[in-house]
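Notebook open, model loaded. I want to look up a helix pair, the nonpolar cores and a handful of loop residues.

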Amino acid sequence: MQNKLIIDPKQDLILANEVAHALMDKGLSMATAESCTGGAIGALLTSLSGSSRWFNGGVISYSNHLKIHLLGVNSQTIDVQGAVSKEVVEAMAVGGCKAMAVDICVAVSGVAGPDGGTTEKPVGSVWIAWCGPEQKLTSRLYHLDGGRKEIQSAAVRMALKGVVNQC
């Protein structure tokens with residue numbers, strides 16, 4: 001499935017507010033475990049006044065070292081599956097819930113480009129996982145179009161839409 005989303009700060013803020021209201025309505029807290037988005041999800045969410053009521057924080061785990069040591073991802077999983085994989089992103093989401101003591105954690109790992117893509121994982125391949133209340137775990141692979149900024153922006157939007165669904 002190809003997804004090309006235009007960078008639209010106004011729409012991103014609308015979505016961030018939707019996340020905030022969904023979390024507050026259910027009395028839930030959340031955190032992020034971000035790799036290829038580099039903290040963009042957390043930055044968008046914390047641009048909202050009052051976000052400290054429902055957002056505990058985030059980990060920018062760009063390196064495998066941080067995925068292992070801060071989020072509890074098994075190093076063998078990274079060695080076998082690669083950092084951009086269902087198994088790793090799901091472990092990041094579960095580890096993020098535990099490390100940051102939240103109800104929901106969204107985790108993102110992907111190839112934002114322009115370099116780094118392979119035949120198996122081309123540029124635009126982004127895995128997103130959501131660990132929700134009672135550790136309900138879902139994940140999805142996206143194939144996003146555009147340059148680095150467009151891929152990152154689309155990943156942020158997909159991640160936040162999934163948070164709303166977890167609520």
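I started at P114, which sits in the loop between β4 and β5. My labels follow DSSP runs numbered from the N terminus, with helices being H or I of at least four residues and strands E of at least two. The peptide bond leading from G113 into P114 is cis, with omega near 5 degrees. Most peptide bonds are trans, and most residues other than glycine have a negative phi.

Ground rules, noted before going on. This is a predicted model, where local features need pLDDT of at least 70 and side-chain atom pairs count only at pLDDT 80 or more, while totals for chains, interfaces and linings use all residues. Residues are numbered from 1 along each chain as its sequence is written, and side-chain values use heavy atoms, with hydrogens and water left out.

Next I checked phi. A101 is not a glycine, yet it has a positive phi of about 50 degrees. I found A101 in the loop between α5 and β4. A101 counts as exposed, at 60% relative accessibility. My cut-offs are under 20% relative accessible area for buried, over 50% for exposed and partly exposed in between, with a 1.4 Å probe and protein chains only.

Q135 is another non-glycine with a positive phi, about 55 degrees. I placed Q135 in the loop between β5 and β6. Q135 comes out as partly exposed, at 42% relative accessibility.

**Helix pair α1 and α6**

Two packed helices are described by the angle between their axes and the distance between the axes. How do α1 and α6 pack? I read an angle of about 25 degrees between α1 (residues 9-26) and α6 (residues 148-166), with the axes 9 Å apart. That makes α1 roughly parallel to α6. Axes here are lines fitted to C-alpha atoms, for helices over the stretch in contact, and angles run from 0 to 180 degrees between N-to-C directions.

The α1 and α6 crossing is left-handed, meaning that the near helix is turned anticlockwise from the far one by less than a right angle (clockwise would be right-handed). On the α1 side I listed D12, L15, E18 and V19 as making the contact, and on the α6 side S153, R157, L160, K161, V163 and V164. Contact means heavy atoms within 4.5 Å. By class, I get 5 nonpolar, 1 polar and 4 charged residues where α1 meets α6. Ala, Val, Leu, Ile, Met, Phe, Trp, Tyr, Cys and Pro go in as nonpolar, Asp, Glu, Lys and Arg as charged, and the others, Gly among them, as polar.

**Cores**

Which residues touch the most other members of the largest nonpolar core? M30, L45 and I128 do, out of 32 residues. A core here is a set of buried Ala, Val, Leu, Ile, Met, Phe, Trp, Tyr and Cys residues joined through side-chain atoms within 4.5 Å. At least two residues of this core come from each of α1, α2 (40-46), β4 (104-110), β5 (125-131), β6 (137-144) and α6. α6 gives the most, with 9 residues.

A second, separate core has 21 residues, including A31, A33, C105 and C131.

T37 is in the loop between β2 (30-34) and α2. Buried or exposed? T37 is buried, at 4% relative accessible area. Residues up to four places away aside, T37 touches V108, Q152, A155 and V156. I followed that to Q152, which is in helix α6. Q152 is buried too, with a relative accessible area of 15%. With the sequence neighbours again left out, Q152 touches C36, T37 and A112.

D103 lies in the loop between α5 (86-100) and β4. At 29% relative accessible area, D103 is partly exposed. Beyond four places in sequence, I have D103 in contact with G27, L28, S29, C97, C131, G132 and P133.

Last, A83, in the loop between α4 (75-81) and α5. A83 counts as partly exposed, at 21% relative accessibility.

Methods. Parallel < 35°, antiparallel > 145°, perpendicular 65-115°, else oblique.
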